[in-house]
Amino acid sequence: MNSLNRKLLRDLWRIKGQAVAIGAVIAVGVLMLVMMTGLVTSLDETRRTYYERYRLADVFVPVNRAPEHRITDLAAIPGVSSAEGRVVGSALIDLPGRDLPLQAQAVSLPDFGTPRLNDIYLTDGRRLESGNANEILLLKSFAAANGLRPGDSLSVTMNGKRRSLRIVGLAQAPEFLYTTAPGELITDDAGFGVIWMSRTALAAAYDMEGAFNEALLSVGLDARLPAVLDAADRILESYGGLGAYGREDQTSNRFVSEEIDGLRASSTSVPPIFLAVAAFLLYIVISRLVESEREQIGLIKAFGYTDFEVGSHYFKLIIAIAAGGAAAGCLFGIAAGRAMIHLYLEYYKFPFLIFQLDPASFVTGFLVSVGAASAGGLLVLRRVFALTPASAMRPPAPPDYSRTGRFGQALNFVLDQPSRMVLRRLTRQPGRMIGAMIGIAAGMALSVAMIGIMAGFDQTVEQTFTVIDRSDVTVTFNEAVSNKAVFELQRIPGVIEVEPIRIVPVIFRHGLQSHRGAVNGLVPLPRLNRAVDSELATIHLRKGGIILAQALADILAIYPGELLTVEVREGRRPIISIPVAGVAETLLGSPAFIEMEVLNRALHEPNRISGAYLRIDSMMEGKIYRTLKDMPTVAGVSVKNNARAALQKQMDTGAGMMRFVMAAIAGVITFGIIYNAARIAYAERARDLASLRVIGFTKGEVAFVLLGELVVITIVALPVGSLIGYYLSFAIAAGFSSDLYQIPAIFSPESYGAAALAVIAATIISGWLVKHDMDRADLVSALKTRE
Amino acid sequence: MKMDVSTKEIIVQDQPLKKSSPAFTTKALTKTYGEGAAAVHALRGVDLEIPSGEMVVLLGPSGSGKSTLLNIIGGLDRASEGTVFFQDQELSDMTDEQLTRYRRDHVGFVFQFYNLMPSLTAHENVELVTEIASDPMDPEEALGLVGLRDRADHFPSQLSGGEQQRVAIARAVAKQPTVLFCDEPTGALDSITGRTVLQVLKDINENLGATVLIVTHAAATADMADRVIHFADGAIREIVVNKTKLDPEDIKW
Ligand SMILES: Nc1ncnc2c1ncn2[C@@H]1O[C@H](COP(=O)(O)OP(=O)(O)OP(=O)(O)O)[C@@H](O)[C@H]1O
Ligand SMILES: [Mg+2]
């Protein structure tokens with residue numbers, strides 16, 4: 001090994017503490033990138049494989065009742081590779097000890113063999129045996145949440161008839177990764193079940209002998225989906241076809257996609273921000289590190305080493321730190337990704353895991369780290385190379401303090417000597433001080449933004465459940481019923497207020513954009529569930545206008561005043577053309593609001609409602625639920641507090657879980673930045689400070705000279721960081737928002753206060769650590785060698 | 001400064017001794033640091049010829065520009081005006097790369113401040129130079145010359161000031177340079193070690209034919225030189241050519 005390389009190793013060893021601190025900051029930046037992109041690719045890949053192995057259909061065609069033989073016609077559509085009919089129906093599960101019935105979907109499985117499409121994955125027990133009409137398989141997560149096991153029997157109401165069924169096995173299926181009761185946005189394992197039954201038995205229960213009410217199609221790679229959908233609709237039109245839709249509109253897949261897309265969005269928007277902050281720090285720290293080597297650079301050059309040789313020597317040092325950090329980041333990123341993916345698997349109910357990494361993230365991580373570090377090194381080296389060796393070797397001219405002259409004299413009366421030293425250094429080396437300040441400000445900004453995001457998530461829950469939805473209970477009817485039901489509900493003792501709603505499934509179309517969703521028909525002056533504007537004031541529905549959630553308006557690229565086409569997918573399936581009257585601030589889902597009257601008139605179904613919001617007396621809760629359970633028209637009852645808890649859980653375990661990891665990483669980066677700032681300041685001044693000690697300054701005074709600088713920089717960095725953080729929080733909030741829920745960027749004094757406290761705490765700890773080293777420093781050796 | 005006239009020949013600046021071809025020739029060399037009112041004129045027009053293979057001592061008060069001159073002809077710094085030739089190459093005309101080449105191939109330097117690499121041992125400090133030299137001596141041998149063979153594995157922080165200085169000298173001679181510049185090489189040394197070091201420089205000068213330029217405050221050192229340049233205020237005051245040189249042993253310390 002040549003002596004330059006030996007110098008390199010020893011230098012690295014000498015600055016190991018700082019090298020690790022720098023490396024750690026870049027490492028967590030890279031870690032986050034690798035982990036998140038790894039998660040997204042893994043989830044994508046796992047989902048794809050799961051769908052493929054269990055043959056999830058590409059097209060779903062709901063229909064009222066179509067004879068079995070029409071399946072061959074569907075299979076003959078060009079592009080369709082296989083088709084299967086099945087029977088599905090909604091059911092209510094009555095669990096002992098539960099006041100409310102639970103909603104469920106019943107799905108048929110072929111009497112013999114496995115289904116061609118939409119297979120299931122059996123987790124416990126056995127498959128159905130043909131000929132036994134009372135056997136069922138139950139969705140695993142629902143069973144687990146309700147403590148049900150194979151062998152248990154279940155009281156189920158199907159098509160109005162109550163029967164007792166026996167659970168023989170538990171299963172999962174790719175079409176039920178994410179289960180919600182119809183019209184609900186929030187998944188609740190305990191609240192919605194799936195029952196698989198043999199085709200014959202289920203057909204008998206729903207009067208579907210010799211018929212199907214849902215067709216499943218798979219298509220070849222070259223099939224044109226819209227053409228297939230059209231053809232399927234035409235074939236089933238006369239049987240009450242409800243509109244074929246592709247996999248992308250299938251509820252479970254749509255939710256999972258949106259979750260993964262949300263994660264993907266935050267993985268592409270947030271890690272770059274973190275990485276940029278880390279890279280910026282790396283840039284600053286490396287440039288100061290190389291700067292402190294200036295005299296040695298001059299010396300090596302004096303011996304006749306070429307710029308290239310000197311440059312590559314320092315480049316190796318830089319690479320060692322940056323690439324070391326990036327490599328550590330990759331390794332920990334893989335480990336963290338592996339750990340996290342298990343949590344996600346549980347959340348998405350994937351039966352197996354395919355862990356995949358995105359090699360591009362490694363490349364990016366390395367390039368950014370090495371690039372930032374090299375840029376920092378190169379900047380200084382170029383400057384040093386421009387000097388003659390003689391001037392590089394000369395200790396850098398003591399900064400010119402003469403200009404503080406008069407100013408300084410005035411201060412002599414006010415400040416003691418150490419304070420003046422702090423002040424002079426701050427004013428005489430503004431470049432360095434600004435660099436350090438921006439570094440700390442970046443840390444502050446990250447903290448502000450991440451703490452703000454936490455508040456944003458809370459606000460989403462809060463606003464959704466206390467401002468927008470002020471009801472306690474939502475009742476859903478089997479089908480649209482007469483509004484007389486309102487009076488029925490009002491008569492229940494303990495029900496304080498009832499507000500009806502009519503929800504119909506629709507397809508929105510505007511220009512080339514379309515979206516499958518639902519329209520909420522509201523009463524003219526809603527009180528319990530309202531559309532609110534950005535000031536959270538009720539938006540009044542005006543006759544003949546529709547109000548869209550901001551997220552929906554964005555999807556459809558439509559603005560107030562423009563005409564929207566609404567294709568209703570129910571009843572006589574009218575197509576309504578209606579102007580957008582306003583945009584509502586909703587943080588959950590992407591609803592649309594219209595006056596119920598308008599909807600019913602278009603449907604030619606006056607005075608129909610499909611559900612109602614209730615405000616109730618919580619003392620009478622149990623009794624009210626039991627009454628609702630006995631009402632034959634009631635399909636489901638959702639209790640707001642449960643929904644709220646479920647949403648909280650969904651955000652804490654789904655894509656939103658990442659916010660905790662990110663906040664932790666923001667903390668590490670912030671601390672790393674501040675600690676590095678303190679360490680560099682110390683490294684640069686070790687000799688000066690030792691001289692001060694020698695001429696009689698106390699340890700405390702010397703520490704003051706060094707740390708006073710850090711404190712001043714930190715104090716300046718706080719407001720600057722707050723300002724950057726304010727803008728950063730918009731970017732991060734956008735990264736966390738998905739179609740499922742929007743996370744607002746919140747300006748709350750608390751998050752700024754908390755972030756400032758975190759930065760100050762990091763400053764105190766870093767200061768303490770550096771002071772600890774300073775107190776232990778050997779004065780003589782600090783003075784003896786010129787570094 | 002009192003000198004024994006009988007052993008010296010005093011000559012005027014522009015009449016160099018025609019002993020051999022010059023190693024260095026400078027013309028109207030000036031160096032100004034800073035500008036305006038704060039400008040420092042470190043060199044104010046230096047015309048000098050240093051014959052190849054000579055041992056030259058540069059004497060002068062502190063701040064008179066000795067180091068500055070050494071730096072310029074050693075290729076570490078550039079003059080503000082004037083020309084410098086090394087043999088027949090014009091240093092003042094060279095690119096940075098050419099100057100690097102010049103230092104690498106020809107120059108040994110002992111700096112006024114010892115300037116060792118703190119993270120390298122004595123041996124490695126010497127090696128740092130021998131590694132890129134075309135015909136170096138063994139680092140051990142070089143350290144042996146300055147009596148530090150047994151301290152080869154010590155780091156600068158474990159060496160005394162004088163020992164550090166000797167390592168710096170070993171480092172400069174180890175590459176067997178064509179020209180050797182020593183800026184106060186014996187400043188921190190006692191008489192015995194000082195003499196040893198001067199002996200090393202003399203050997204380099206005599207055995208390798210290296211041109212040696214020594215800046216010193218110890219006027220007695222001048223007695224071992226071929227030529228003594230008296231420097232004051234950024235200019236040459238006088239040049240003395242010694243008819244006879246003393247051996248370092250015999251120098252009054
Ligand atoms: N980088 C610089 N900037 C400004 N002035 C300088 C610089 N380097 C040297 N000087 C000035 O140039 C003059 C000559 O300096 P030089 O170092 O050559 O003196 P010297 O003869 O070597 O002195 P000493 O015997 O003290 O080492 C001095 O007045 C010095 O202050
Ligand atoms: Mg000098």
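**Helix packing and a shared ligand site**

Mentor: H2(A) and H20(A) are roughly antiparallel to each other, a term for angles over 145 degrees. Helices here are DSSP runs (H or I, at least four residues), and strands are runs of E of at least two, numbered from the N terminus. This is a predicted model, in which local features need pLDDT of at least 70 and side-chain atom pairs pLDDT 80 or more, while totals for chains, interfaces and linings use all residues. Residues are numbered from 1 along each chain, chains are lettered from A and ligands numbered from 1 as written, and side-chain values use heavy atoms without hydrogens or water.

Trainee: At what angle do the axes of H2(A) and H20(A) cross?

Mentor: The axes cross at roughly 160° and come within 8 Å; they are lines fitted to C-alpha atoms over the stretch in contact, with angles from 0 to 180 degrees between N-to-C directions.

Trainee: Turning to ligand 1, which chains surround it?

Mentor: Residues from chains A and B do, so the site is shared between chains. Among the residues that come nearest are Arg394(A) and Lys66(B).

Trainee: How far is the side chain of Ser62(B) from an oxygen atom of ligand 1?

Mentor: An N or O atom of that side chain is 2.6 Å from the ligand oxygen. For Ser67(B), a polar side-chain atom also lies 2.6 Å from an oxygen atom of ligand 1.

Trainee: Which element gives the most to the shell?

Mentor: H1(B) does, with three residues.

Conventions: A residue is near a molecule or strand if one of its heavy atoms lies within 4 Å of it. A polar contact is a pair of N or O atoms within 3.5 Å; within protein, one must be able to donate a hydrogen and the other to accept it, and residues adjacent in sequence count only if both atoms are side-chain atoms. Angles under 35 degrees count as roughly parallel, over 145 as roughly antiparallel, 65 to 115 as roughly perpendicular and the rest as oblique.
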